[in-house]
Amino acid sequence: VLVLLRIQNVFITGLGWLGVILAFGATFYFHVVIVKFTSLSVLDLVSLFVILGIAADDILLMFNSYALAPAVLGADASPRKKMKWAYKEASAAMLVTSVTTAGSFYSNCFSIVTVVRSFGFFMATLVVWNFINVLVIFPAAILINDLYVIPCMKRFCCCCRCCRGSDNPEFNDLLVVPPSAKRGSMSSLALGMRSVLARGSLPVLANRIGRGSLRLRFSMLIPVQ
């Protein structure tokens, strides 16, 4: 529900959680057929609550990176360019967190307790499949939504919030700084954050990532040159 409130799009959210469901199916196959664990223990059911938090973090990271892309690449950037930038920025962070999390759970496979060994393998494999599905299914869902679903819905409804696509309108006030216009030593993400700070728009960014209670004003602290 919280992910849906953040994304404000049923289509994207639904396909994001479809990846989680498919991850459970693939993990169960490896758990029972490949590794020959005969059944799921009560401890394995705890993985449902753990993977919900991990999946929500990965989904929101990819979505927020795509929403921030116009502030870095320019308002006229195509969905392909925005997704290419967002995919590069978000996948690196997700890779680190997924590898460390899966590694910690796989270490339980060396336990002499069968229940702990079963849970460790099941949870680690679930994290790996969730990472793969988020990188494959969720970006495709965002592009399909922006290229096909939103244009079709606009023919029937022009006032609904779900027809606005994945570009959050509050990001439109950010200063657009093309990467080619700055020094090559700075990354595109750093340029984007620099433009946010230069305009004093950090409260807008914080509000759009779900922290609506943050109403800080930095315009008096950071002068615009």
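Me: Among contacts in the chain between residues at least 6 apart in sequence, what share joins residues at least 24 apart?

Reply: A contact means heavy atoms within 4.5 Å. Here 70% of those contacts join residues at least 24 apart. This is a predicted model: local features need pLDDT of at least 70, side-chain atom pairs count only at pLDDT 80 or more, and totals for chains, interfaces and linings use all residues. Residues are numbered from 1 along each chain as its sequence is written, and side-chain values use heavy atoms, with hydrogens and water left out.

Me: How many helices and strands are there?

Reply: Helices are DSSP runs of H or I, at least four residues; strands are runs of E, at least two; both are numbered from the N terminus. The chain has 7 helices and 0 strands.

Me: How do I read burial along α4?

Reply: An α-helix has 3.6 residues a turn, so residues three or four places apart point the same way. Buried means under 20% relative accessible area, with a 1.4 Å probe and protein chains only. In α4 (residues 79-106), the buried residues include Ala90, Met94, Ser98, Ala102 and Phe105.

Me: Which residues have the most contacts inside the largest nonpolar core?

Reply: A nonpolar core is a set of buried Ala, Val, Leu, Ile, Met, Phe, Trp, Tyr and Cys residues joined through side-chain atoms within 4.5 Å. The largest has 22 residues, and Ile7, Met62, Met94, Phe138 and Ile142 have the most contacts inside it. α3 (47-73) gives the most to this core, 9 residues.

Me: What does Met94 contact beyond four places in sequence?

Reply: Asp58, Leu61, Met62, Phe131, Val134 and Leu135.

Methods. The expected span of a helix is 1.5 Å times one less than its number of residues. Buried means under 20% relative accessible area, exposed over 50%, partly exposed in between (1.4 Å probe, protein chains only).
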